[in-house]
Amino acid sequence: MDKTKNEENWDLVIEGHSSLFDLKFADVWRYRDLLLMFVKRDFISFYKQTILGPLWFFIQPIFTTLVYTFIFGNLAGIRTDGLPQPLFYLCGITAWNYFSDCLTKTSTVFRDNSSIFGKVYFPRLIMPLSIVVSNLVRFTVQLLLLVVMMIYFAVIKPGSFEITPALALFPILMLLMAALGLGTGLIITAMTTKYRDLTFLVTFGVQLLMYGTTVIYPLSEARAKFSDYAWIIEMNPMTGIIEAFRYAFLGQGEFSAASIGYSALVTLGVLFAGIVIFNKTERNFVDTI
């Protein structure tokens with residue numbers, strides 16, 4: 001039978017990538033139900049054998065905020081631009097956790113799911129996208145915790161912070177955090193198919209990167225104490241995102257169209273590069289993983 005006529009009898013024809021930039025986004029949309037299933041699986045499997053379950057969403061940022069307040073705020077005496085220290089640190093932690101979770105969990109996609117990828121077809125990009133969406137649940141819960149703390153300080157210390165009109169940019173900031181974590185994670189997971197050592201460096205590297213971002217200190221403090229090296233911190237695309245995030249919710253931060261524009265350009269570049277490299281690696285990663 002003629003190949004074209006035979007293909008007309010099928011609902012879906014699976015073919016190899018015709019080019020490096022053949023990203024098959026239509027297939028990703030077609031398998032959106034599978035994406036939601038993976039999100040549900042990740043949430044249930046991660047917490048079903050824990051005693052406190054989803055309460056860990058609250059416990060982790062609360063304890064981290066307390067530790068940062070004691071060490072960096074009290075012992076080290078790092079200024080927080082006049083903001084209450086718990087609010088300052090929790091705001092940075094909330095934004096950073098979403099980015100870092102997207103990055104670290106995406107960076108092991110090929111290794112963690114090699115058995116599934118080798119047995120059944122579905123758009124491989126579904127898996128890292130499901131990680132980004134499942135982390136959004138945790139981000140939302142921690143954001144609610146931030147709002148509760150804001151209400152608390154608004155009652156006990158009126159005028160200690162100010163919500164600004166930049167809050168309208170929150171959806172864009174959230175997308176930038178997700179896209180930057182996703183793109184970076186895709187690049188790393190593609191590289192770990194050949195260089196396993198990167199797997200051990202990711203967690204350590206993300207921790208170091210946090211200290212190069214304005215999570216535990218404001219950009220103004222970095223400029224005041226490390227004026228010769230502050231440009232390195234400013235070049236970090238997450239710095240502009242976190243500063244804008246903090247400015248939107250608390251009214252303090254180095255917020256400007258230039259910094260957000262720079263972060264957006266870098267994020268789009270990293271995301272595009274990550275998807276293309278992921279697309280290239282998935283063709284033969286089963287032979288090397």
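**Figure 1. Surroundings of Thr65 in the predicted model.** Apart from neighbours within four places in sequence, Thr65 contacts Pro86, Tyr89, Leu90 and Ile93, a contact being heavy atoms within 4.5 Å. Thr65 belongs to helix H4 (residues 56-75); helices (H or I, at least four residues) and strands (E, at least two) are DSSP runs numbered from the N terminus. With a relative accessible area of 4%, Thr65 is buried, a term that denotes under 20% relative accessible area, with exposed over 50% and partly exposed in between (1.4 Å probe, protein chains only). Thr65 and Phe88 stand 23 residues apart in sequence, and their C-alpha atoms are 8.9 Å apart in space. This is a predicted model, in which local features need pLDDT of at least 70 and side-chain atom pairs count only at pLDDT 80 or more, while totals for chains, interfaces and linings use all residues. Residues are numbered from 1 along each chain as its sequence is written, and side-chain values use heavy atoms, with hydrogens and water left out.

**Figure 2. Packing of helix H5 (residues 85-106) against helix H9 (residues 170-192).** The axes of H5 and H9 lie 7 Å apart at an angle of about 25°; axes are lines fitted to C-alpha atoms, for helices over the stretch in contact, and angles run from 0 to 180 degrees between N-to-C directions. H5 is therefore roughly parallel to H9, the term for angles under 35 degrees. From H5, Ala95, Tyr98, Phe99, Cys102, Leu103 and Thr106 meet residues of H9 that include Met174, Met177, Leu180, Gly181 and Thr184.

**Figure 3. The largest nonpolar core.** A nonpolar core is a set of buried Ala, Val, Leu, Ile, Met, Phe, Trp, Tyr and Cys residues joined through side-chain atoms within 4.5 Å. The largest one has 69 residues, and Leu146, Met177, Phe245 and Phe249 have the most contacts inside it. Helix H5 supplies the largest share of this core, 12 residues. Leaving aside neighbours within four places in sequence, Phe249 touches Cys91, Leu143, Leu146, Met150, Phe161, Glu162, Ile163, Leu167 and Phe170.

**Figure 4. Helix H14 (residues 257-281).** H14 has 25 residues and reaches 36 Å from its first C-alpha to its last. This is close to the 36 Å expected at 1.5 Å a residue, the expected span being 1.5 Å times one less than the number of residues. Among its buried residues are Ser259, Ile260, Ser263, Thr267 and Leu271.

Conventions:
Angles under 35 degrees count as roughly parallel, over 145 as roughly antiparallel, 65 to 115 as roughly perpendicular and the rest as oblique.
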